[in-house]
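Me: Let's go through this one together, helix by helix. Could you set out the terms before we start?

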Amino acid sequence: MTNSIRSLRFAHGEMTQAQLAERIGVTRQTVIAIEKGRYSPSLDMAFQIARVFKVSLEEVFQYPDGESDQKETSQ
């Protein structure tokens, strides 16, 4: 899963990782891990992030098409 958090932060007044973390109730390290794709947020946290930026969940998080196709054919 990929995400657009970094670009969304910059598009919203160059919001810092710490500011985003405070708004969604996590640590800055958690935001860093999510941005780098090392941690997948819970569904609740994902919706909170989308709400902060006033965008849809799909505008924040993307699931590459190739991976979902591979999983479907291997099952």
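Reply: Helices (H or I, at least four residues) and strands (E, at least two) are DSSP runs, numbered from the N terminus. This is a predicted model, where local features need pLDDT of at least 70, side-chain atom pairs count only at pLDDT 80 or more, and totals for chains, interfaces and linings use all residues. Residues are numbered from 1 along each chain as its sequence is written, and side-chain values use heavy atoms, with hydrogens and water left out.

Me: Why are the buried residues of H4 on the same side?

Reply: The buried set in H4 is Met45, Ala46, Ile49, Ala50, Val52 and Phe53. Going by the directions from the helix axis to the C-beta atoms, they sit on the same side because their arc around the axis is only 155 degrees.

Me: And which residues are exposed on the other side of H4?

Reply: The buried residues of H4 pack against H1, H2, H3, helix H5 (57-60) and E2. Exposed on the other side of H4 are Leu43, Asp44 and Arg51.

Me: Is Gln17 buried or exposed?

Reply: Gln17 belongs to helix H2. Contact means heavy atoms within 4.5 Å, and, leaving out residues up to four places away in sequence, Gln17 touches Arg9, Arg28, Val31, Ile32 and Glu35. Its relative accessible area is 16%, so Gln17 counts as buried.

Me: Which residue with a positive phi follows H3?

Reply: H3 spans residues 28-35, with Val31, Ile32, Ala33, Ile34 and Glu35 buried. The residue that follows H3 with a positive phi, near 75 degrees, is Gly37.

Key:
Buried < 20%, exposed > 50% of the residue type's maximum accessible area, 1.4 Å probe, protein only.
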